[in-house]
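We will go from stop to stop, selecting as we go.

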Amino acid sequence: MKENKIYVDGTVGLGGHSSAILEASKPSGILYGFEWNEDSFKIAKERLKKYKERVKLYNKNFVYIKEILQKENVLTDGVLLDLGISSFLLEGSKRGFSFQKSEPLDMRMNLSLKITAKDILNNYDFIKLSNVFKKGEVPRAEKFAKFICEKRKKKPFKLTQDLVEAVKEFYKTSKKNLLAIVFQSLRIEVNKELENLETVLKDIPDILKPSGRIAIISFHSLEDRLVKNFFKNDPRIKVLTKKPITPSEEELKRNPRARSAKMRVGEKVNEQ
Ligand SMILES: C[S@@+](CC[C@H](N)C(=O)[O-])C[C@H]1O[C@@H](n2cnc3c(N)ncnc32)[C@H](O)[C@@H]1O
């Protein structure tokens, strides 16, 4: 991290990485931060206000990074994306992200989104629902979609518990990994997470300075595959991590949720 530089945190969350970046780039580094979730944004804004004009926060999807930086007429030295869901959203949002809580099946990261997890389960036709589960790599996706279509005729899906029960009934097990994959597949669809990631990956090289860096932390293979292929195939980016960086034993003791995290870093190629 260097002074007098411009950085972008595309997934500010509650501002942990953002404050580390602002500290490390003292006294004059600037941070553009994006956080889509309204409540996380409010908390981060409060937490980061001590950095005054060094921080510019947007309660927006990271797909707007390019548009906003171009409007501001700046290029960046580094972009960080720490993808997916935060502990705050899982545990404190009451939007049904966690299979361990009984909450409405919502799963929208931002309330301006039109479709909730409940809408998908109750209203998507069989083909669309199978595709959601297939895309999310849910085991026996088609048969599970068929089962949901039958089940909703008797009683529409409303709460997270309804989905947990359907998983238990269909798979005859309630393994946490399986529940996590089913819930994740719906969250990905509600928030269009893979489409958003594809858009931002395509845009970022356009707003990086020569030798500027992009670091992406992903939490599941669907995201990591997109990132890996993007780094491999985009001629504007040189890969700096042949293998992804994973958390140390020490870090895992402090933060067991990081067990599936993978970080890949790339650098903008200098054009002649
Ligand atoms: C893993 S957390 C990041 C935690 C953060 N690094 C911190 O230090 O607190 C991911 C965050 O990204 C946000 N997010 C997910 N998709 C987003 C998107 N398309 N645009 C902006 N923020 C997004 C989520 O709301 C969540 O707060």
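**Stop 1**

Select Met107, which sits in the loop between α4 (87-92) and α5 (117-123). Keep in mind that this is a predicted model. Now check the backbone of Met107. Its phi is positive, about 70°, although Met107 is not a glycine.

**Stop 2: a cis peptide bond**

Next, select Lys26 and Pro27. The peptide bond from Lys26 to Pro27 is cis, and its omega is near 0°. Where is Pro27 placed? Look in the loop between α1 (16-24) and β2.

**Stop 3: the sheet**

Switch to cartoon view. In general, the strands of a sheet pair through backbone hydrogen bonds, either parallel or antiparallel. Find the open sheet of seven strands here; its pairing is mixed. Trace the order across the sheet: β3-β2-β1-β4-β5-β7-β6. Which strands stand at the edges? They are β3 (55-58) and β6 (237-239). Each has a single partner strand, so one side of each is left without a neighbour in the sheet.

Zoom in on β1 (residues 6-9) and β2 (residues 30-34). This pair runs in the parallel sense, over four bridges. For one example, select Tyr7: its bridge partner in β2 is Leu31.

**Stop 4: a helix on the sheet**

Select residues 221-233. This is helix α11, which packs on the sheet. Helix α11 touches β5 (208-218), β6 and β7 (262-268). Its direction makes about 25° with that of β7.

**Stop 5: the ligand**

Select the ligand, then its shell. How many residues surround the ligand? There are 22, and the closest are His17, Glu35, Asn61, Phe62 and Asp82. By type, the shell divides into eight nonpolar, eleven polar and three charged residues.

Now show side chains and look at nitrogen atoms of the ligand:

- His17: a polar side-chain atom lies 2.8 Å from a ligand nitrogen.
- Asn61: an N or O atom of the side chain is 2.9 Å from a ligand nitrogen.
- Asp82: a polar side-chain atom lies 2.8 Å from a ligand nitrogen.

On its own, the ligand has 610 Å² of accessible area, and the protein covers 91% of that.

Definitions and conventions:
Residues are numbered from 1 along each chain as its sequence is written. This is a predicted model: local features need pLDDT of at least 70, side-chain atom pairs count only at pLDDT 80 or more; totals for chains, interfaces and linings use all residues. Side-chain values use heavy atoms; hydrogens and water are left out. A residue is near a molecule or strand if one of its heavy atoms lies within 4 Å of it. A polar contact is a pair of N or O atoms within 3.5 Å; within protein, one must be able to donate a hydrogen and the other to accept it, and residues adjacent in sequence count only if both atoms are side-chain atoms. Accessible areas come from the Shrake-Rupley method with a 1.4 Å probe; for residues, only the protein chains shown count as cover. Ala, Val, Leu, Ile, Met, Phe, Trp, Tyr, Cys and Pro count as nonpolar, Asp, Glu, Lys and Arg as charged, and the others, Gly among them, as polar. Two strands pair if DSSP finds at least two bridges between them. Helices (H or I, at least four residues) and strands (E, at least two) are DSSP runs, numbered from the N terminus. Contact means heavy atoms within 4.5 Å. Axes are lines fitted to C-alpha atoms, for helices over the stretch in contact, and angles run from 0 to 180 degrees between N-to-C directions.
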